[in-house]
Amino acid sequence: MTEALFRARNLIREIQGYPTPGIRFQDLTPLLADGPSFSAVIAELIPLAEGCQAIAGIEARGFIFAAALAHTLNIGFVPIRKKGKLPFKTHEESYGLEYGSDVLQIHQDAIEPGAKVLLIDDVLATGGTACAATKLIERAGGVVVALGTVIEIPYLAGRQKIAQEFPHLSVHSIFRI
(Lines give C-alpha, C1' and ligand atoms only; values in the text may rest on other atoms or scores of the structure.)
Protein backbone atom coordinates (compact mmCIF):
# COMPACT_ATOMS: atom_id res chain seq x y z
CA MET A 1 0.00 0.00 0.00
CA THR A 2 1.38 3.41 -0.94
CA GLU A 3 1.89 6.09 1.67
CA ALA A 4 -0.96 8.12 0.14
CA LEU A 5 -3.35 5.16 0.36
CA PHE A 6 -2.24 4.43 3.92
CA ARG A 7 -3.05 8.05 4.80
CA ALA A 8 -6.41 7.78 3.00
CA ARG A 9 -7.29 4.62 4.96
CA ASN A 10 -6.46 6.32 8.24
CA LEU A 11 -8.79 9.22 7.40
CA ILE A 12 -11.86 6.97 7.25
CA ARG A 13 -13.71 7.18 10.54
CA GLU A 14 -16.24 4.78 11.95
CA ILE A 15 -19.45 6.18 13.44
CA GLN A 16 -21.27 3.75 15.73
CA GLY A 17 -25.08 3.60 15.53
CA TYR A 18 -25.52 5.67 12.37
CA PRO A 19 -27.99 5.80 10.64
CA THR A 20 -29.60 3.22 12.94
CA PRO A 21 -28.50 1.42 16.12
CA GLY A 22 -26.12 -1.46 15.48
CA ILE A 23 -24.67 -0.02 12.25
CA ARG A 24 -20.97 0.88 12.09
CA PHE A 25 -21.05 3.63 9.43
CA GLN A 26 -17.83 4.28 7.50
CA ASP A 27 -17.48 8.06 7.10
CA LEU A 28 -15.40 8.98 4.06
CA THR A 29 -15.77 12.77 4.35
CA PRO A 30 -12.32 13.27 5.96
CA LEU A 31 -10.75 11.31 3.08
CA LEU A 32 -12.63 13.45 0.54
CA ALA A 33 -11.44 16.63 2.24
CA ASP A 34 -7.79 15.62 1.84
CA GLY A 35 -6.75 16.24 -1.78
CA PRO A 36 -3.78 13.84 -1.93
CA SER A 37 -5.81 11.03 -0.32
CA PHE A 38 -8.79 11.57 -2.61
CA SER A 39 -6.44 11.62 -5.62
CA ALA A 40 -4.73 8.41 -4.47
CA VAL A 41 -8.09 6.62 -4.27
CA ILE A 42 -9.07 7.79 -7.76
CA ALA A 43 -5.67 6.71 -9.11
CA GLU A 44 -6.19 3.26 -7.58
CA LEU A 45 -9.49 2.89 -9.49
CA ILE A 46 -8.12 3.93 -12.91
CA PRO A 47 -6.89 0.47 -14.02
CA LEU A 48 -10.37 -0.98 -13.48
CA ALA A 49 -11.76 1.26 -16.24
CA GLU A 50 -9.50 -0.02 -19.02
CA GLY A 51 -11.61 -0.44 -22.16
CA CYS A 52 -14.74 1.04 -20.58
CA GLN A 53 -16.99 3.51 -22.35
CA ALA A 54 -18.70 4.73 -19.16
CA ILE A 55 -18.37 4.89 -15.39
CA ALA A 56 -21.59 4.35 -13.41
CA GLY A 57 -21.85 5.61 -9.85
CA ILE A 58 -24.40 4.74 -7.19
CA GLU A 59 -26.06 7.53 -5.21
CA ALA A 60 -24.86 9.22 -3.15
CA ARG A 61 -21.21 8.74 -2.24
CA GLY A 62 -20.53 6.48 -5.21
CA PHE A 63 -21.26 9.55 -7.37
CA ILE A 64 -18.28 11.37 -5.92
CA PHE A 65 -15.73 8.72 -6.81
CA ALA A 66 -17.33 7.71 -10.12
CA ALA A 67 -17.64 11.27 -11.40
CA ALA A 68 -14.05 12.11 -10.45
CA LEU A 69 -12.83 8.94 -12.17
CA ALA A 70 -14.92 9.59 -15.31
CA HIS A 71 -13.57 13.15 -15.46
CA THR A 72 -9.99 11.95 -15.03
CA LEU A 73 -10.42 9.46 -17.89
CA ASN A 74 -12.52 11.77 -20.08
CA ILE A 75 -15.35 9.24 -20.40
CA GLY A 76 -19.04 9.46 -19.55
CA PHE A 77 -20.55 9.29 -16.08
CA VAL A 78 -23.88 7.49 -15.54
CA PRO A 79 -25.80 8.26 -12.33
CA ILE A 80 -27.73 5.45 -10.65
CA ARG A 81 -30.15 7.19 -8.33
CA LYS A 82 -32.71 6.51 -5.68
CA LYS A 83 -36.32 6.37 -6.88
CA GLY A 84 -37.91 9.64 -7.94
CA LYS A 85 -34.67 11.58 -8.60
CA LEU A 86 -34.30 11.09 -12.36
CA PRO A 87 -36.47 13.23 -14.70
CA PHE A 88 -36.72 10.94 -17.76
CA LYS A 89 -37.96 7.39 -18.46
CA THR A 90 -36.26 4.94 -16.10
CA HIS A 91 -35.66 1.31 -15.29
CA GLU A 92 -35.92 0.50 -11.57
CA GLU A 93 -34.78 -2.23 -9.22
CA SER A 94 -35.56 -2.89 -5.54
CA TYR A 95 -32.78 -4.04 -3.22
CA GLY A 96 -32.01 -4.79 0.40
CA LEU A 97 -29.65 -2.84 2.61
CA GLU A 98 -27.90 -3.66 5.85
CA TYR A 99 -30.59 -1.52 7.52
CA GLY A 100 -33.67 -1.67 5.25
CA SER A 101 -34.61 -1.62 1.57
CA ASP A 102 -34.79 0.90 -1.26
CA VAL A 103 -35.24 1.30 -5.02
CA LEU A 104 -32.63 2.40 -7.56
CA GLN A 105 -33.27 3.84 -11.02
CA ILE A 106 -31.31 4.52 -14.20
CA HIS A 107 -32.38 6.44 -17.28
CA GLN A 108 -33.43 4.01 -20.01
CA ASP A 109 -31.15 5.79 -22.50
CA ALA A 110 -28.17 6.26 -20.17
CA ILE A 111 -25.91 3.68 -21.82
CA GLU A 112 -25.12 2.82 -25.42
CA PRO A 113 -26.09 -0.80 -26.21
CA GLY A 114 -23.12 -3.08 -25.55
CA ALA A 115 -21.07 -0.38 -23.82
CA LYS A 116 -18.59 -1.64 -21.24
CA VAL A 117 -19.28 -0.02 -17.88
CA LEU A 118 -17.28 0.18 -14.66
CA LEU A 119 -19.61 0.33 -11.64
CA ILE A 120 -18.37 2.36 -8.67
CA ASP A 121 -19.69 2.63 -5.13
CA ASP A 122 -18.15 3.84 -1.92
CA VAL A 123 -18.86 0.78 0.23
CA LEU A 124 -19.52 -2.89 -0.48
CA ALA A 125 -21.57 -4.21 2.45
CA THR A 126 -24.31 -6.78 1.78
CA GLY A 127 -24.01 -6.57 -2.01
CA GLY A 128 -27.67 -5.66 -2.51
CA THR A 129 -27.00 -2.22 -3.95
CA ALA A 130 -24.29 -3.46 -6.32
CA CYS A 131 -26.49 -6.31 -7.59
CA ALA A 132 -29.42 -3.96 -8.18
CA ALA A 133 -27.18 -1.46 -10.00
CA THR A 134 -25.69 -4.23 -12.16
CA LYS A 135 -29.18 -5.38 -13.16
CA LEU A 136 -30.11 -1.81 -14.07
CA ILE A 137 -27.00 -1.31 -16.22
CA GLU A 138 -27.70 -4.57 -18.03
CA ARG A 139 -31.36 -3.63 -18.53
CA ALA A 140 -30.19 -0.32 -20.03
CA GLY A 141 -28.01 -2.25 -22.49
CA GLY A 142 -24.60 -2.00 -20.83
CA VAL A 143 -22.12 -4.67 -19.82
CA VAL A 144 -20.68 -4.31 -16.31
CA VAL A 145 -17.02 -5.32 -16.51
CA ALA A 146 -16.12 -4.71 -12.87
CA LEU A 147 -17.26 -3.25 -9.57
CA GLY A 148 -14.88 -0.93 -7.78
CA THR A 149 -15.40 0.19 -4.19
CA VAL A 150 -13.39 2.20 -1.75
CA ILE A 151 -14.33 0.08 1.27
CA GLU A 152 -15.47 -3.51 1.65
CA ILE A 153 -16.95 -4.86 4.88
CA PRO A 154 -16.18 -8.58 4.51
CA TYR A 155 -18.29 -9.94 7.37
CA LEU A 156 -21.45 -8.74 5.57
CA ALA A 157 -20.65 -11.12 2.68
CA GLY A 158 -21.44 -8.74 -0.19
CA ARG A 159 -18.71 -10.19 -2.38
CA GLN A 160 -20.26 -13.65 -2.01
CA LYS A 161 -23.75 -12.35 -2.91
CA ILE A 162 -22.37 -10.69 -6.04
CA ALA A 163 -20.48 -13.88 -6.99
CA GLN A 164 -23.72 -15.89 -6.70
CA GLU A 165 -25.75 -13.51 -8.88
CA PHE A 166 -22.99 -12.37 -11.25
CA PRO A 167 -20.16 -14.93 -11.28
CA HIS A 168 -18.45 -13.14 -14.20
CA LEU A 169 -18.25 -9.80 -12.35
CA SER A 170 -14.83 -8.80 -11.07
CA VAL A 171 -14.98 -7.08 -7.65
CA HIS A 172 -12.19 -4.77 -6.45
CA SER A 173 -12.08 -2.99 -3.09
CA ILE A 174 -9.28 -0.65 -2.07
CA PHE A 175 -9.74 -1.16 1.68
CA ARG A 176 -11.26 -4.04 3.63
CA ILE A 177 -12.56 -2.99 7.04
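A: Buried means under 20% relative accessible area, exposed means over 50%, and partly exposed lies in between, with a 1.4 Å probe and protein chains only. Helices (H or I, at least four residues) and strands (E, at least two) are DSSP runs, numbered from the N terminus. This is a predicted model, in which local features need pLDDT of at least 70 and side-chain atom pairs count only at pLDDT 80 or more, while totals for chains, interfaces and linings use all residues. Residues are numbered from 1 along each chain as its sequence is written, and side-chain values use heavy atoms, with hydrogens and water left out.

Q: Which residues of α3 are buried?
A: They are Ser37, Ala40, Val41, Ile42 and Leu45.

Q: And what covers them?
A: The cover includes the helices α1, α2 (29-33) and α4, together with the strands β7 (116-124), β8 (143-152) and β9 (170-176). Contact here means heavy atoms within 4.5 Å.

Q: Take α1 and α3. At what angle do they pack?
A: Helix α1 (residues 3-11) and helix α3 (residues 35-45) pack at about 110 degrees, and their axes are 8 Å apart. The axes are lines fitted to C-alpha atoms, for helices over the stretch in contact, and angles run from 0 to 180 degrees between N-to-C directions. The two helices are therefore roughly perpendicular, given that this class spans 65 to 115 degrees, with under 35 counted as roughly parallel, over 145 as roughly antiparallel and the rest as oblique.

Q: Which residues meet there?
A: Ala4, Leu5, Arg7, Ala8 and Leu11 in α1 meet Pro36, Ser37, Ala40, Val41 and Glu44 in α3. By class, the residues of this contact are seven nonpolar, one polar and two charged. Ala, Val, Leu, Ile, Met, Phe, Trp, Tyr, Cys and Pro count as nonpolar, Asp, Glu, Lys and Arg as charged, and the others, Gly among them, as polar.

Q: How do α3 and α4 cross?
A: Their axes come within 10 Å and cross at roughly 70 degrees. That makes α3 roughly perpendicular to α4. Phe38, Val41, Ile42 and Leu45 in α3 meet Ile64, Phe65, Ala68, Leu69 and Thr72 in α4. This contact has eight nonpolar, one polar and no charged residues.

Q: Switching to rings: how many aromatic pairs are there?
A: The count comes to three. Rings of Phe, Tyr and Trp (its six-membered ring) pair if their centres lie within 6.5 Å; planes under 30 degrees apart count as stacked, over 60 as edge-to-face and the rest as tilted.
One of the pairs is Tyr18 with Phe25, with centres 5.1 Å apart and planes at 80 degrees, so this pair is edge-to-face. Phe38 and Phe65 also form an edge-to-face pair, at 5.7 Å centre to centre and 75 degrees between the planes. Phe38 lies in helix α3 and Phe65 in helix α4, so their pair ties together parts that are 27 residues apart in sequence.

Q: Is Phe65 buried or exposed?
A: Phe65 counts as buried, at 0% relative accessibility.

Q: And where is Ile64?
A: Ile64 is in helix α4 (residues 61-73) and is partly exposed, with a relative accessible area of 34%. Leaving aside neighbours within four places in sequence, Ile64 is in contact with Leu32 and Phe38.
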